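Subject: Structure for you to look at

Dear colleague,

I am handing over the structure we spoke about, and below it I have set out what was found. Please read the notes with the model open beside them.

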Amino acid sequence: MPAPDALVLGRREEIVAALRAIVPGEGVIAQAAALRPYESDGLTAYRQPPMVVVLPETVAQVSAILSWCHAQGVKVVPRGAGTSLSGGALPLADAVLMGMGKFNRVVEVDYNNRLAIVQPGVTNLAITRAVEERGFYYAPDPSSQIACTIGGNVAENSGGVHCLKYGLTTNNVLGIEMVTMAGEVLRLGGRHLDPAGLDLLGVMVGSEGLLGIVTEVTVRILPRSETARAMLVGFPSVESAGQCVADIIAEGIIPAGMEMMDRPAIHAAEAFVKVGYPLDVEALLIVELDGPAAECDHLIEEIARISGLNGAMTSRISTSEEERAAFWAGRKAAFPAVGRLSPDYYCMDGTIPRRRLPEVLRRMAELSEQHGLGVANVFHAGDGNLHPLILYDANKPGELERAEEFGNDILRLCVEVGGVLTGEHGVGVEKRDLMPEMFSQTDLDHQQRIKCAFDPELLLNPGKVFPTLHRCAELGRMHVHRGEVPFPELPRF
Ligand SMILES: Cc1cc2nc3c(=O)[nH]c(=O)nc-3n(C[C@H](O)[C@H](O)[C@H](O)COP(=O)(O)OP(=O)(O)OC[C@H]3O[C@@H](n4cnc5c(N)ncnc54)[C@H](O)[C@@H]3O)c2cc1C
């Protein structure tokens, strides 16, 4: 991470006082013990208490804080619920951590236009809760949906089980209001489809808190399907299950969700929630079909046929809502269940072309032997989005480092077979140094020029995503604020 700026640390009292002047009352947290809960996010291997936490309640406060920090050269790290698995919300010792938890209102639901306008601190699941009475829901459903916020979802372009059919966050966000590091408030997109001009909304979704603070989000809401049924299909090997996934998609069938669990994950989940998963199989697919009843029946027959061709050993089809929920209960509890297999696990996130699933799963098993660490697989198979859970014990010296190296090898494998470093968890600090495995220096320079266009002083969430933080001046762009040239030691051009 960037070395803390001693001058900024020396001005801590002044910075706290300035924040208190903008957000009175309990909105500024500066006491060491009270900063502890913010010292990490979902990537708990990394910890760093922030310099100070500020919890604004209004857009005017967000704008005033950012504009003050911008003028004073103070860094800011945005935070939603802190569930990021890539360290996106990891604090910096010399930065203000801006928690968006008080932006927790559903502002408006517009059923006629099938959209909801919400503040960024509203949890993902709360959007569905707000509209379900009228038969609607918000489709992207990260497993963390009970806790993670829509602001965090926008920043990470989060996905979930149902994104195979209904798209990721980026496909379900119509507009945002955001505040730039300089304190300017702007709107991108809105109630309408297809915003005019450059697709800056597309740039913002997935920008990992590097370009601006999101203060309002307009999302699509969808009517619930008439029918939803789930299938549990067991296979003799992960390769045959992987091949079945590739074949289903190749036949043109897009299930509402298609998830895969391997033997360690099946056994862990069954021991944890006891939903009747078959224990004599090496891999399990959970496939959900939704839509009109006749369509579901037809697709179930088709999937049963394709599964049979791939050597499926067992197959069950849900006959009630309770049974469908039970099929999913094991999958949803799989992460905590795997947590009972070893003291620690490290959740990776990479995406590959679906055709390569059998090969990648086989090579992952080889890597597991090579690194001497177990791995359990629970993942969004239909999207080719892998979530290997690497099992390790942080108390054993060197195991965390081995787990990280194993994880890096998995991500390199994803890139080698034509995939990407991340599916939905973002780059953050976790995959930052692997970016050159996937992007050339020219690619990275162009990406960073976008960062420079929004935040030329690199004050917003620095140290994340980019492996080397070039000063914007080095990329041929320099912002001069009130006549003070940043980085005066660099040559001008
Ligand atoms: C058990 C578990 C299961 C998970 N399952 C999934 C899953 O199925 N799919 C998935 O995609 N992810 C999953 N995640 C990861 C995580 O929940 C998501 O990345 C989520 O979107 C993060 O939301 P958050 O509110 O916790 O954001 P945070 O962790 O607080 O922040 C995440 C990033 O967003 C930025 N940010 C937050 N709020 C704002 C804002 N208002 N404006 C600008 N930037 C902001 C932060 O700076 C940071 O870079 C899981 C995490 C856990 C712990």
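Helices and strands are named here from DSSP runs, a helix being a run of H or I of at least four residues and a strand a run of E of at least two, and both are numbered from the N terminus. Please keep in mind throughout that this is a predicted model.

**Domains and the ligand**

The domain assignment divides the protein into domain 1 (6-99), domain 2 (109-223), domain 3 (227-336) and domain 4 (342-435). The C-alpha centres of domain 1 and domain 3 are 44 Å apart. From UniProt, in an unreviewed entry, comes the feature "domain: FAD-binding PCMH-type", which is placed at residues 46-224; that span is 23% helix and 26% strand, and its end C-alpha atoms lie 40 Å apart.

The ligand is surrounded by 36 residues, of which the closest are Gly 80, Gly 88, Gly 151, Gly 152 and Gly 209. Two or more residues of this shell come from each of the elements β3 (75-79), α6 (150-156) and β10 (213-220), and α6 gives the most, with 5 residues. By residue class, the shell around the ligand holds 13 nonpolar, 18 polar and 5 charged residues. Because domain 1 (6-99) and domain 2 (109-223) both give residues to that shell, the ligand lies between them.

**Helix α18 and the segment after it**

Helix α18 covers residues 441-454, and its 14 residues should span 20 Å at 1.5 Å a residue, which agrees with the 20 Å between its end C-alpha atoms. The buried residues of α18 are Gln 448, Lys 451 and Cys 452. Seen down the axis of α18, these buried residues fall within an arc of 100°, so they line one face of the helix. As background, an α-helix has 3.6 residues a turn, so residues three or four places apart point the same way. On the other side of α18, the exposed residues are Thr 442, Asp 443 and His 446.

Leu 458 is in the segment after α18, and Asn 461 is found in the segment after α18 as well. Most residues other than glycine have a negative phi. Leu 458, however, has a positive phi near 55° without being a glycine, and Asn 461, also not a glycine, has a positive phi of about 50°. A residue counts as buried when 20 or more other C-beta atoms lie within 10 Å of its own; Leu 458 has 21 C-beta neighbours inside 10 Å and so counts as buried, while Asn 461 has 29 C-beta neighbours inside 10 Å and so counts as buried too.

Asp 94 has its place in the loop between β3 and β4 (95-99), where Asp 94 is buried because 21 other C-beta atoms lie within 10 Å. Asp 94 and Met 313 are 219 residues apart in sequence and, C-alpha to C-alpha, 57 Å apart in space.

Glu 39 is found in the loop between α3 (32-35) and β2 (52-54), and Glu 39 is partly exposed, with 16 other C-beta atoms within 10 Å. Between Glu 39 and Asp 349 there are 310 residues in sequence and 23 Å in space, again taken from C-alpha to C-alpha.

With best wishes

Technical notes:
Residues numbered from 1 in each chain as written. Predicted model: local features only at pLDDT ≥ 70, side-chain atom pairs only at ≥ 80, totals over all residues. Near = placed C-beta within 6 Å. Nonpolar A, V, L, I, M, F, W, Y, C, P; charged D, E, K, R; others polar. Domains from an automatic or database assignment. Expected span 1.5 Å × (residues − 1). Buried ≥ 20, exposed ≤ 12 C-beta atoms within 10 Å, placed from the backbone. Arc of directions from axis to C-beta. UniProt positions renumbered as here; feature names shortened; annotations may be inferred.
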